[in-house]
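Dear colleague,

Here is the model we spoke about, handed over with its sequence. Please read the notes below it with the structure open.

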Amino acid sequence: LPLALIAALTAENVAIRFRLLPRKGHIAVGADADLVLVDLASERQLQRADLFYRHQHSPYVGRMLRGHIVRTLVRGITIFLEGTFVSQPIGQLVQLVDRA
């Protein structure tokens, strides 16, 4: 898939669907700087230790995957860098606003 389509499917369309604009879903002055930087040239085999969630089960463990997350930013603050969490969790609950 083209990168622009991936960005639309995973960020912009989600922000539109859940009425999170203008702060989420795009890169712009005044928007939250929630970004993931990916090295698309990297290939590696997924290991259970690479899964940073409660239950480390995935049908992709053991498979070769292309693309590697290098850095994650939440509101402009680096929280994940080169395989290590470098900040305490700073995420906030996003509540939908009823615009009926």
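Asp 34 forms a salt bridge with Lys 24, the closest N and O atoms being 2.6 Å apart, where a salt bridge is taken as a side-chain nitrogen of Lys or Arg within 4 Å of a carboxyl oxygen of Asp or Glu. This pair links distant parts of the chain, with Asp 34 and Lys 24 both in the loop between H1 and S1 and ten residues apart; helices (H or I, at least four residues) and strands (E, at least two) are DSSP runs, numbered from the N terminus. Asp 34 is partly exposed, with a relative accessible area of 34%, on a scale in which buried means under 20% relative accessible area, exposed over 50% and partly exposed in between (1.4 Å probe, protein chains only).

Before going further, please keep in mind that this is a predicted model, in which local features need pLDDT of at least 70 and side-chain atom pairs count only at pLDDT 80 or more, while totals for chains, interfaces and linings use all residues. Residues are numbered from 1 along each chain as its sequence is written, and side-chain values use heavy atoms, with hydrogens and water left out.

To return to the charged residues, a search of the whole structure finds three salt bridges. Lys 24 also meets Asp 32 through their side chains, at 2.8 Å from N to O, and the side chain of Arg 23 is joined to that of Asp 32 by a salt bridge of 2.3 Å, again N to O. Asp 32 is buried, at a relative accessible area of 12%, whereas Arg 23 is partly exposed at 45%. Through shared partners, the salt bridges join Arg 23, Lys 24, Asp 32 and Asp 34 into one network.

The sheet comes next. Four strands form an open sheet in the order S1-S2-S3-S4, with antiparallel pairing, two strands being paired if DSSP finds at least two bridges between them. Strand S1 (35–45) and strand S4 (84–85) are the edge strands, each pairing on one side only. Strand S2 (residues 64–74) and strand S3 (residues 77–81) run antiparallel and are joined by four bridges, and Arg 71 stands opposite Leu 81 in S3.

Leaving aside residues up to four places away in sequence, Val 36 touches Ile 69, Arg 71 and Thr 72, contact meaning heavy atoms within 4.5 Å. Val 36 and Asp 50 are 14 residues apart in sequence and 16 Å apart in space, C-alpha to C-alpha.

Finally, the aromatic rings. Rings of Phe, Tyr and Trp (its six-membered ring) pair if their centres lie within 6.5 Å, planes under 30 degrees apart counting as stacked, over 60 as edge-to-face and the rest as tilted; by this rule the count comes to three aromatic pairs. The rings of Phe 52 and Phe 80 have their centres 5.5 Å apart and their planes at 70 degrees, so this pair is edge-to-face. Because Phe 52 lies in the loop between S1 and S2 and Phe 80 in strand S3, the pair ties together parts that are 28 residues apart in sequence. Phe 80 is buried, with a relative accessible area of 9%, and its ring also pairs edge-to-face with that of Phe 85, the centres being 5.0 Å apart and the planes at 65 degrees. Phe 52 counts as partly exposed at 48% relative accessibility, and Phe 85 is likewise partly exposed at 48%. Phe 52, Phe 80 and Phe 85 form one aromatic cluster.
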